[in-house]
Amino acid sequence: MSERFGEFVEVRRHGFVAELVLDRPKAMNAVSSAMAVSVGEACASLALDAGARVVVVSSSASRAFCVGADLKERNSFSDAELLRQRPVTRGAYGGVLELPMPVIAAVHGFALGGGFELALACDLIVADETAVVGLPEVSVGVIPGGGGTQLLPRRVGAARAAELIFSARRVEAREALEMGLVDQVVGVGDDREAALELAGRIAANSPVGLRAAKRALRVGYGLDLRAGLEVEDAAWRSVAFSGDRAEGVAAFNEKRSPQWPGE
């Protein structure tokens with residue numbers, strides 16, 4: 001089962017896992033205005049889908065996850081057109097970032113600029129050995145504008161993020177793993193399969209619990225400990241009296257697999 005969002009985005013279903021496929025292979029998934037709109041629309045739909053417990057963001061392009069902004073399109077813009085496009089592109093990156101369920105990026109080949117920012121907007125990044133990641137925006141006279149200046153330091157620390165952004169350098173898969181830029185490296189061509197397998201394991205857990213845990217992680221990060229614990233307590237209260245909690249406890253005591261009501 002699949003659904004198209006415009007010409008360049010497809011959402012495929014794998015049980016409780018939804019796969020958001022970046023599908024502009026001829027341009028190595030360069031993010032044009034039309035593609036940004038489609039990513040935003042797909043994410044808006046997934047955010048409301050109670051049947052999607054986990055999302056995998058993947059690529060149909062053989063050589064890249066996503067090479068970032070469509071600079072050919074950008075080159076044709078007037079200043080006014082570039083300014084008008086800004087909310088559209090923010091809607092794409094923000095759409096992935098704000099998905100309420102766990103999100104995993106399946107990365108191979110180039111994930112550069114906005115392409116790496118789409119991956120950084122995910123909770124976990126699975127990369128194959130061909131992956132090359134980086135934020136090279138300063139080399140073309142701009143800065144990361146899809147969340148990179150905020151998301152990268154949250155992954156690897158302020159100084160390391162500064163070095164990567166200021167130098168505009170590209171990082172290959174094994175070094176990226178050592179630096180914490182990606183979370184897992186698998187064999188060539190295995191990124192999608194590994195991400196879907198991981199998503200399936202995650203999706204076996206309570207959808208109510210997963211969303212609350214993500215909310216606590218995202219909202220609490222960066223707060224002082226006392227405030228963070230209050231965020232956690234609020235998230236705990238939101239699940240403590242849920243149908244999923246009742247089913248989870250019952251299934252544990254009855255030594256069976258839970259059948260999550262998702263509420």
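This is a predicted model: local features need pLDDT of at least 70, side-chain atom pairs count only at pLDDT 80 or more; totals for chains, interfaces and linings use all residues.

Trainee: Where is Lys-255 placed?

Mentor: Most residues other than glycine have a negative phi. Lys-255 is not a glycine, yet its phi is positive, at about 55°. Helices (H or I, at least four residues) and strands (E, at least two) are DSSP runs, numbered from the N terminus, and the place of Lys-255 is the segment after α11 (243-253).

Trainee: How does the radius of gyration of the chain relate to the globule rule?

Mentor: The chain has 11 helices and 11 strands. The radius of gyration is taken over C-alpha atoms, and the globule rule is 2.2 Å times the number of residues to the power 0.38. For 263 residues the rule gives 18 Å, and the chain is as compact as a globular protein of that length, because its radius of gyration is close to that value, at 19 Å.

Trainee: What percentage of the contacts in the chain between residues at least 6 apart in sequence join residues at least 24 apart?

Mentor: Of the 263 residues, 46% count as buried. Contact means heavy atoms within 4.5 Å. Among contacts between residues at least 6 apart in sequence, the share joining residues at least 24 apart is 66%.

Trainee: How many residues of strand β6 are buried?

Mentor: In a regular strand the side chains alternate between the two faces of the sheet. In β6, Val-103, Ala-105 and Val-107 on one side and Ile-104 and Ala-106 on the other are all buried. Strand β6 (residues 103-107) is largely enclosed by the rest of the structure, because the count of its buried residues is 5 of the 5.

Trainee: Which residue in β8 is the bridge partner of Ile-104?

Mentor: Two strands pair if DSSP finds at least two bridges between them. Strand β4 (residues 54-59) is joined to β6 by 3 bridges and runs parallel to it, with Val-55 opposite Val-103. Strand β8 (residues 124-128) also runs parallel to β6, through 4 bridges, and there the partner of Ile-104 is Leu-124.

Trainee: Which strands are the edge strands of the open sheet of 4 strands?

Mentor: The order of this open sheet is β5-β7-β9-β10, with mixed pairing. An edge strand pairs on one side only, and here the edge strands are β5 (64-66) and β10 (171-172).

Trainee: How many residues apart in sequence are the parts that Asp-183 and Arg-155 tie together?

Mentor: A salt bridge is a side-chain nitrogen of Lys or Arg within 4 Å of a carboxyl oxygen of Asp or Glu, and the structure holds 17 of them. In one, the closest N and O atoms of Asp-183 and Arg-155 are 2.6 Å apart. Asp-183 lies in the loop between α7 (173-179) and β11 (184-186) and Arg-155 in helix α5 (residues 148-156), so the separation of the parts they tie together, in residues, is 28.

Trainee: In which helix do Glu-197 and Arg-201 both lie?

Mentor: Glu-197 and Arg-201 form a salt bridge, with their closest N and O atoms 2.3 Å apart. Glu-197 is partly exposed at 44% relative accessibility, and Arg-201 is partly exposed at 48%. They are 4 residues apart, about one turn of the helix, and both lie in helix α8 (residues 191-203).

How values were computed: Residues are numbered from 1 along each chain as its sequence is written. Side-chain values use heavy atoms; hydrogens and water are left out. Buried means under 20% relative accessible area, exposed over 50%, partly exposed in between (1.4 Å probe, protein chains only).
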